[in-house]
Amino acid sequence: MLGSIAIVAGTAIGAGMLALPLATAALGIIPAILLLVVIWGVSAYTSLLMLEVNLRTGVGDNLHAITGKILGKRGQLIQGASFLSLLFALTAAYLTGGSSLLVLKAEAMFGIALDNQLAVVIFTLTLGLLAAFGVAWVDKVSRILFSLMIALLVITVGFLLPEVSPSQMAIAAIEDGKVDLWMAAIPVVFTSFGFHVCIATLVRYLEGDALTLRKVLLIGSTLPLLCYVLWLLVTLGTVGGEQIHSFGGSLPALITSLQDIASQPWVSKCISLFADFALVTSFIGVTLSLYDFISELTRAKSSIMGRVQTWLITFVPPVLCALYIPEGFVAVLGFAAVPLVFIIIFLPIVMVLKQRKEVTEGYQVCGGKPALTLMGLLGAVIIAAQLMVAL
């Protein structure tokens with residue numbers, strides 16, 4: 001059970017955490033935390049819906065198979081397209097964020113003014129190659145990096161909390177009540193709670209124990225919420241929301257400002273390494289999933305040429321996005337919310353409605369149709385928010 005909780009929390013916590021202060025800075029600390037709580041509630045409830053669907057369909061099926069059983073080929077097509085779009089968007093976001101941090105590192109450590117486009121290529125060729133090595137290698141690397149990331153997060157939060165200024169926390173929204181600020185923040189916050197892809201695996205791992213799985217999902221989703229609240233406190237409460245908003249979504253500017261506040265050089269290094277590990281762990285996990293998904297779709301051979309072909313299909317689209325939107329870390333991460341809404345809100349609602357007409361026994365989430373309607377409306381709000389930002 002503890003291991004399963006760690007999987008849920010670990011799937012959610014990653015590079016999206018770095019974007020939260022950049023996306024919510026203009027709201028003010030209290031509204032930002034309230035938004036986190038609301039989005040957490042949506043994610044926790046929809047995870048229980050997916051649990052209900054998994055348990056009633058059969059222990060051991062993955063999301064693609066479950067969708068096919070309930071919604072047929074059309075449902076599978078929507079699920080597959082949404083999943084592919086999500087992974088492409090996340091890969092592009094992590095490439096832009098990772099390359100910008102690489103530029104910062106080159107300047108700070110070697111005094112080299114690295115071109116951003118060259119940084120994208122270097123980042124892709126070094127870390128992107130891990131996807132082609134297979135899950136065994138990625139698993140070993142991810143365990144080490146994720147453990148280090150959590151340790152560095154604890155150190156960073158522990159040493160920055162005393163620096164939190166009550167006056168900074170008391171500052172209200174930059175433009176009080178402006179809808180655009182909320183619309184820009186909602187998709188990024190929603191993407192930061194995207195742990196649902198591991199539910200089918202956990203159902204199989206815990207042998208369909210509904211009570212244990214329910215506890216795992218609720219506790220596992222609450223841990224990221226607590227981490228995110230602490231992270232917003234030490235960022236907005238030290239650097240200040242107005243200052244972070246002026247960065248224009250620049251991740252290096254945020255990291256540099258936090259390093260300047262740190263009273264000791266080694267704490268400054270911990271902050272830098274935490275940002276690096278958060279990006280890298282998310283990047284290799286997402287790219288492995290994308291690589292495997294494309295390999296399955298194209299039925300690529302396991303030969304060297306087959307792996308090269310799959311690798312190129314995996315990385316060329318997001319690399320092009322990262323090359324031409326160099327400061328698009330927050331923007332592209334927000335776009336990922338659109339396919340994520342289809343995967344973890346709309347599809348589960350449709351499948352639950354259809355299942356409940358045919359099956360009346362077994363685990364069922366409370367709330368009935370009113371709760372499902374509310375979730376659907378909130379999903380529509382998230383998509384509308386992203387469309388407003390894009391336009």
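Biologist: Why is Arg56 called buried?

Modeller: This is a predicted model, where local features need pLDDT of at least 70, side-chain atom pairs count only at pLDDT 80 or more, and totals for chains, interfaces and linings use all residues. Residues are numbered from 1 along each chain as its sequence is written, and side-chain values use heavy atoms, with hydrogens and water left out. Buried means under 20% relative accessible area, exposed over 50%, partly exposed in between (1.4 Å probe, protein chains only). Arg56 has 14% relative accessibility, so Arg56 counts as buried.

Biologist: What makes Arg56 and Glu52 a salt bridge?

Modeller: The term requires a side-chain nitrogen of Lys or Arg within 4 Å of a carboxyl oxygen of Asp or Glu. For Arg56 and Glu52, the N to O distance is 3.9 Å. The pair therefore meets the definition. Both residues lie in helix 3 (residues 29-57), four residues apart, about one turn of the helix. Helices here are DSSP runs (H or I, at least four residues), and strands (E, at least two) are too, numbered from the N terminus.

Biologist: Why is Glu52 called buried?

Modeller: Its relative accessible area is 0%, so Glu52 is buried.

Biologist: How do you know that Glu52 forms a salt bridge with Arg356?

Modeller: The closest N and O atoms of Glu52 and Arg356 are 2.8 Å apart. The pair links distant parts of the chain: Glu52 sits in helix 3 and Arg356 in helix 17 (residues 337-358), 304 residues apart. Arg356 has 17% relative accessibility, so Arg356 also counts as buried. Glu52, Arg56 and Arg356 are linked in a network of salt bridges.

Biologist: What ties Asp276 to Lys105?

Modeller: A salt bridge joins their side chains, at 2.9 Å from N to O. Asp276 lies in helix 14 (residues 265-298) and Lys105 in helix 4 (residues 63-110), so the pair ties together parts that are 171 residues apart in sequence. At 16% relative accessibility, Asp276 counts as buried.

Biologist: How many salt bridges does a search of the whole structure find?

Modeller: Three.

Biologist: Why is Arg307 called partly exposed?

Modeller: Arg307 has 34% relative accessibility, so Arg307 counts as partly exposed. Arg307 belongs to helix 15 (residues 304-324).

Biologist: Is Cys366 buried or exposed?

Modeller: Cys366 has a relative accessible area of 63%, so Cys366 is exposed. Cys321, at 25%, counts as partly exposed.
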